[in-house]
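Colleague: Before I use these terms myself, I would like to hear what each one rests on.
Modeller: Ask about them in turn.

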Amino acid sequence: MTPDDWERAVARLSWATNVTVFTGAGISAESGIATFRDDGGFWTRFPPEEFANWKGLLHLAVLDPARLAEFLIEVLGPIATASPNPGHAAIAKLEGRRPTTVITQNIDGLHQSAGSRHVLEVHGSLLEIVTWLGKEPLRTLTREDLQEIVRRIQDKCRSGWSGFQLLKAVEPLFGLSSRGFHRPNLVLFGDAMAEPAWSQAISAARSCELFISVGTSQSVYPAAMLIEEARDHGAETIVIDPQIGGGDIWLRGTAGDILPRLVQEADGE
Ligand code: OAD
């Protein structure tokens, strides 16, 4: 990142009256949640062909519940204990100063925990429980609920495994109630995007003046097309990421370092 890039980004943000921020797993990396494709990322340890679709997960529940339990502990554990980092906080601060829409691919609820109010979760949320087929909202889980589920899985793990025991441990997430089967409102590979969040995300990308992409490899479609949608509709684009560039301006670095300084300088603090 050249000093010129930095000055341009600060100036652009200080003028912008309508901002869209688009985040991926990288924004939550400094909260202790692994990304998907970096070294040691989720998909390097748990192949997405098996773990990123409902059919694969159901298959594992029957044939290899211990492996599924390992995956669930790795997914749920960090989210259960996570708190927002300075990157999330800076985005929430931005929303307090100018019209800002946050579009996230993340399912961890950390933008809301940081105070962002206008958040479009285009891949759904781990904390929102819905009916399996109609996606009718049933209840919202807390991070404490997730901690309890992780404890229950770990307890069952110690006493030996069966698919039935695993189902009992994860009952608040996946199970049967008077409304039929329920599950978290997640978008896995092959699913339609979460609505109405996705339609609203396309509108936000098309109508903003400045589009800031943070911590995403921009490799999963259709979410990855939002930056191009924004650019095609006249927005300037800033990318904040230590490895993946692009955008009119690339601020190379981590979200927790770059975002607080950018927001502070743009607001003349
Ligand atoms: P990826 O794991 O593909 O990309 C993470 C990005 O975050 C990379 O570009 C890293 O360089 C960057 N990064 C790492 N640490 C960072 C930090 N501290 N600050 C800023 N950036 C950092 O994750 P996503 O792009 O979010 O979807 O993945 C998109 C989708 O793929 C996910 O929503 C998920 C996954 O499969 C579904 O499962 C449907």
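Colleague: How do the axes of helix 4 and helix 5 cross, and within what distance do they come?
Modeller: In this predicted model, the two axes come within 6 Å and cross at roughly 125°.

Colleague: Why are helix 4 and helix 5 called oblique to each other?
Modeller: Roughly perpendicular covers 65 to 115 degrees and roughly antiparallel begins over 145. The crossing angle is roughly 125°, and helix 4 and helix 5 are therefore oblique.

Colleague: Which residues of helix 4 and helix 5 meet?
Modeller: From helix 4 there are L57, L60, A61, V62 and L63, which meet P65, R67, L68 and F71 of helix 5.

Colleague: What makes T35 buried or exposed?
Modeller: Buried means under 20% relative accessible area. T35 has 12% relative accessibility, so T35 counts as buried. T35 is found in the loop between strand 1 (19-23) and helix 2 (42-45). Beyond four places in sequence, T35 touches A25, G26, A29, G41 and F42.

Colleague: How do you know that the side chains of T35 and D38 make a polar contact?
Modeller: The limit for such a pair of N or O atoms is within 3.5 Å. For the side chains of T35 and D38 the value is 2.5 Å, and the pair is a polar contact.

Colleague: Which strands stand at the edges of the open sheet, and why?
Modeller: The sheet has 4 strands in the order 5-4-7-6, with antiparallel pairing. Strand 5 (137-140) and strand 6 (175-177) each have a single partner strand, so one side of each is left without a neighbour in the sheet. From one strand to the next the twist averages 40°.

Colleague: What makes strand 4 and strand 5 a pair?
Modeller: Pairing needs at least two bridges. Strand 4 (residues 124-131) and strand 5 are joined by 3 bridges and run antiparallel, so by that definition they pair. I129 stands opposite R139 in strand 5.

Colleague: Which members of the largest nonpolar core touch the most other members?
Modeller: Of its 34 residues, these are F71, L76, L146, I149, I153 and L173. Helix 5 gives the largest share of this core, 8 residues. Leaving out neighbours within four places in sequence, L146 is in contact with L76, I79, A80, L126, L127, L141 and L173. Another core, of 26 residues, lies apart from it, and includes L13, L94, L262 and V263.

Terms used. Residues numbered from 1 in each chain as written. Predicted model: local features only at pLDDT ≥ 70, side-chain atom pairs only at ≥ 80, totals over all residues. Heavy atoms only, no water. Helix = DSSP H or I, 4+ residues; strand = E, 2+ residues; numbered from the N terminus. Axes fitted to C-alpha atoms, helices over the stretch in contact; angles between N-to-C directions. Buried < 20%, exposed > 50% of the residue type's maximum accessible area, 1.4 Å probe, protein only. Polar contact = N/O pair within 3.5 Å; in protein donor to acceptor, adjacent residues only side chain to side chain. Contact = heavy atoms within 4.5 Å. Core = buried A, V, L, I, M, F, W, Y, C linked by side-chain atoms within 4.5 Å. Parallel < 35°, antiparallel > 145°, perpendicular 65-115°, else oblique.
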